Amino acid sequence: MKCNRINQQGIADQLALSRTTVSRCFTNHPGINPETRSRVFKLAASLGYTYQEGKTGKKSERRALSRFGILICTDPESYADQDFENPGALLLSGVSEFAQLEKAQLDVHFVTPDEFSLQCPSYMEIDALQDREWDGVLLVYPFPEEVILGLQKLFPVVSLVQQFVKSPLDCVDVNHHRGIEMVMDHLVELGHEKIGFLTTGYDLSAKWAQHRYTAFLGESARLQLPGNLDHVLDPFSASRLSVDEINQFAIDHTHKGVTAWVCAADHQGYQLYRYLTQQGFSIPNEVSITGFDGITPPEWAPPLTTLKIPYHEIGLTAGKRLHDLVKKRFEVPQVISIDCMFQKGKTTQKI
């Protein structure tokens, strides 16, 4: 919710930064690193603060910088959750570097996931959106199709995750299939044959989970592991299950002989690690676990064997793509897929 009493000094105090540092983040001073700028943008968005350029000088001088909106489709409380590192915040680091390079102004706003049109409150209260003051928009996390279509009528739009939409949409995403291919090859080299796939319940607009699920099925076929299909919890079924039911699924199939679990995301892998160890399993001596994201592990868990997503590069590339669209609005839409990196952790070993 927007709060007009929030100012740069308040942001500086909360982040233990100087007022000058915060100001330089909003004006893209070259001496500010992208990580610091990302932290400032994240807190400013959660507080409803939007930087306003000075009102002095000629209009052409005041409007010298491009201005882009970043819409984050989640509630600020979930975004600020400290249990696991937040991929959305990591994306902002790359976007902020793009803003510095192009001397662009960024307006970061949270919008409510269950609002399905631009006429809903969290969109209506964004003045720059209503007044069409942005040159383009970047989308973080899945959005309702009606919202995306509405934004495309007003601005060039680039998504930082692939969305479910009928019309073409520019997107920068990770190569999900290549990532699953690498972890499956790793597990097979270690001698695993009964490999399960696990995801937790998401709204079905979480297309990334579906990409990783279908990649798992394809790689199981390539590696001639057809029995794996009996140990799969797909995103569609998971969306109807509670966390306890999902954990019980993992326990049941581990007892049935699964020796390795491919989890659709790192936070799922760490949650599975915690649950299995609480049930007396030794990781990785009895069962291996892999993730997908490359986030910093929590204090209570060893680092997962995972796929490290280059979030910074994705954010930077999305910013550059949006900048190109502003210059050539009706160019053919592109889906840009950036490769991830295999990262050996301490949760897999030979059987």
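Phe-236 comes out as partly exposed, at a relative accessible area of 35% (buried is under 20%, exposed is over 50%, and partly exposed is in between, with a 1.4 Å probe and protein chains only). The model is a predicted one, so local features need pLDDT of at least 70 and side-chain atom pairs count only at pLDDT 80 or more, while totals for chains, interfaces and linings use all residues. Residues are numbered from 1 along each chain as its sequence is written, and side-chain values use heavy atoms, with hydrogens and water left out.

In one of them, Tyr-213 and Phe-236 have ring centres 6.4 Å apart and planes at 80 degrees, so they meet edge-to-face. Tyr-213 belongs to helix H11 (residues 207-222) and Phe-236 to helix H12 (residues 235-238), so the pair ties together parts 23 residues apart in sequence. Tyr-213 itself is buried, at 15% relative accessibility. Both rings also belong to one aromatic cluster, made up of Phe-197, Tyr-213, Phe-216 and Phe-236.

Charges turn up over rings too (NZ of Lys or CZ of Arg within 6 Å of the ring centre and within 35 degrees of the ring normal). Arg-212 has its charged end over the ring of Phe-292, 3.9 Å from the centre.

On the helix side, H2 (residues 19-26) has Val-22, Cys-25 and Phe-26 buried. These residues span an arc of only 95 degrees around the axis, so they sit on the same side of H2 (the arc being that of the directions from the helix axis to the C-beta atoms). An α-helix has 3.6 residues a turn, so residues three or four places apart point the same way. Over in helix H15 (residues 311-327) sits His-323, which is buried at 17% relative accessible area. Neighbours within four places in sequence aside, His-323 is in contact with Phe-98 and Glu-102 (heavy atoms within 4.5 Å).

Zooming out, the protein has 15 helices and 11 strands (DSSP runs numbered from the N terminus: helices H or I of at least four residues, strands E of at least two). Of its 351 residues, 52% are buried. Among contacts with a separation of 6 or more, 72% join residues 24 or more positions apart.

Key: Rings of Phe, Tyr and Trp (its six-membered ring) pair if their centres lie within 6.5 Å; planes under 30 degrees apart count as stacked, over 60 as edge-to-face and the rest as tilted.
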